[in-house]
Amino acid sequence: MFLTISTSGSAERPATDLGFLLHKHPGRAQSFATSHGRAHVFYPEATEQQCTAALLLEVDPIGLVRRGHGKGRGGSPDFALAQYVNDRPYAASSLLAVALTTVFKSAMKGRCDHRPELAANPLPLRIAVPALPAKAGEEGGPELVRRLFEPLGWQVEAEAVPLDTRFPEWGDSRYVRLELTGSLRLADALSQLYVLLPMLDDAKHYWVAPDEVDKLLRAGEGWLADHPELPLIARRYLARRWSLARTALEQLELARLAEADDREVEELSPLGGAAEAEAAEAAEAAEAEGVEPHPVSPHPVSPHPVSPHPVSLQVQRRAAIVEVLRAAGATRVLDLGCGEGGLVAALLKDARITEVLGVDVSSRSLAVAARRLHLERMSERQAARVRLVQGALTYVDTRLTGYDAAVLSEVIEHVDPPRLPALEHAVFGAARPGTVVVTTPNVEYNVRWESLPAGHVRHGDHRFEWDRAEFRSWARRVADSYGYTVAFAPVGPDDPEVGPPTQLAAFTRGTSTSTSNDTSAGATR
């Protein structure tokens, strides 16, 4: 198997900087052991104007079959010739994709210790794969290759390889000669190859287990969710295992949760994004220094704040949640849809909280949360208080049982209404914490956002936004169904006409299911 990566240079950046990105010196050839052969990296050309890195994977075709113990594709004991007639060692496939992660592991992660700015910026790239399986037909051939790579910003040259140039009447083979040209980050280009090479081959040399979903989500971070061929990619990458493909599509659908939660406040705040962020940081800094943040009252407050330093809605929402958890005496807390860790950080500042489990579908958001929380620099005692795990909230997860409280902060509005019952069962029916705190936008308040066009929701990923009556109706139904009582409170200025910008419901598990309380003015029953 053979693949080349080329880039051109300029006066400011020589082309040989590609060696820094790949962590492979252009001046020497290197060889690496893989589970099915050896991978060689060398540079056919390495000048300041043009640099090309080549990856050659030598596969032992007989060993490839024999290691399968007579099982799997090409390993049937009834087809002994498969040891000698096998295209796996010659055409780009999952073997080459695995070699990419083995040889260029740091480059795929976007890490370049010597020149970090190189990894962060796009480069002019040309990637060539001389033999790429892409079977002809409705779901194959050069046309499919173009449909996969062009939406990612590549200029694609895909040419079908004939079966035999001496006999053109035989037609084309299932292979394509591929050349990609474009300006992308090298990490993004490698991640796309890692997913799409085996997907085009429509076969894998190893058993596809549920952990392949996580691999797909990690490699597809930032580009896969919006790809027009997403269903086909998921189905073929996961070896047509429909249950795994459905899981991947569901998690990708929810992957925007974390990015949307906090962005909606910055985009819509009357203070403006920069002032909003500054106010939030100032409030959190004061809280970190031991100054008690101003709690959100469960009673009506003035819609016109008199403080010369207005506290952001985001900070008010976190303070309201923490106040409910304190009143409930919760010490072990779930942050469901934790995003980039804002609420997790607020919870860790409360010494009464002994454990926080943050759950999110987005691995990228969890990585950002880990960095912002400085997990790698925490003391052993502090690090024992927090865990971040990936998971989808519409599925029952045994890791979520046994906690005092759970928080769904600005989460439910991102879930398609037909999927809400699954979330309700997973949280209230299966996990069953003693307290559940839910916050969500109040659509009635949207008329107060001057920057929000009439009739628009606060963020494009919101599947719905409820008014106060709709939210209370949903909350009471859930409480009655799962054995909880529920109380409501406003978060932010409680406008006498349209209510607060955020509405909060606090569920308490109990034996009685007939009581629901309102602590806000003008509540709709």
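Predicted model: local features only at pLDDT ≥ 70, side-chain atom pairs only at ≥ 80, totals over all residues.

**Exercise 1. A helix residue**

Step 1. Residues are numbered from 1 along each chain as its sequence is written, and side-chain values use heavy atoms, with hydrogens and water left out.

Step 2. Thr-102 has a relative accessibility of 40%, so Thr-102 is partly exposed.

Step 3. Now place the residue: Thr-102 belongs to helix 3 (residues 94-103). Helices (H or I, at least four residues) and strands (E, at least two) are DSSP runs, numbered from the N terminus.

**Exercise 2. The whole chain**

Work out how many helices and strands the protein chain has, and what share of it is buried.

Step 1. Counting gives 18 helices and 15 strands.

Step 2. Of the 525 residues in the protein chain, 50% are buried.

Step 3. For contacts (heavy atoms within 4.5 Å), take the pairs at least 6 apart in sequence: 73% of them join residues at least 24 apart.

**Exercise 3. The cores**

Find which residues touch the most other members of the largest nonpolar core.

Step 1. A nonpolar core is a set of buried Ala, Val, Leu, Ile, Met, Phe, Trp, Tyr and Cys residues joined through side-chain atoms within 4.5 Å. As background, nonpolar side chains in soluble globular proteins tend to be buried together.

Step 2. The largest core holds 73 residues, and Phe-104, Val-145, Phe-149 and Trp-154 touch the most other members. Helix 7 (residues 186-201) gives this core its largest share, 10 residues.

Step 3. Zoom in on Phe-149: leaving aside neighbours within four places in sequence, its contacts are Trp-154, Val-156, Leu-178, Leu-180, Leu-193, Leu-196 and Leu-200.

Step 4. Another core lies apart from this one, with 32 residues, including Leu-400, Val-411, Ile-412 and Phe-471.

**Exercise 4. The second largest pocket**

Say which residues lie nearest the centre of the second largest pocket.

Step 1. The search runs on a 1 Å grid over the protein atoms alone; a pocket is an open set of points where a 1.4 Å probe fits, with protein on both sides within 12 Å along at least five of seven lines, and lining residues have an atom within 4 Å of a point.

Step 2. The lining has 23 residues, and Met-108, Lys-109, Ser-191, Arg-218 and Glu-221 lie nearest the centre.

Step 3. Helix 4 (105-108), helix 7, helix 8 (211-219) and helix 15 (363-372) each give two or more residues to the lining.

**Exercise 5. After helix 15**

Find what follows helix 15, and describe its phi.

Step 1. Start inside helix 15, where Ser-363, Ser-365, Leu-366, Val-368 and Ala-369 are buried.

Step 2. His-374 follows the helix, and has a positive phi of about 55 degrees although it is not a glycine. At 36% relative accessibility, His-374 is partly exposed.

Step 3. Leu-375 sits in the loop between helix 15 and helix 16, and is partly exposed at 26%. Not counting residues up to four places away in sequence, Leu-375 touches Ala-370, Val-386 and Leu-388.

Step 4. The C-alpha atoms of Leu-375 and Val-386 are separated by 8.7 Å.

**Exercise 6. A buried strand residue**

Which residues does Thr-435 contact, beyond its neighbours within four places in sequence?

Step 1. Thr-435 is in strand 12 (residues 435-441), and is buried at 7% relative accessibility.

Step 2. Its contacts are Ala-328, Asp-404, Ala-405, Ala-406 and Phe-507.

Definitions and conventions:
Buried < 20%, exposed > 50% of the residue type's maximum accessible area, 1.4 Å probe, protein only.
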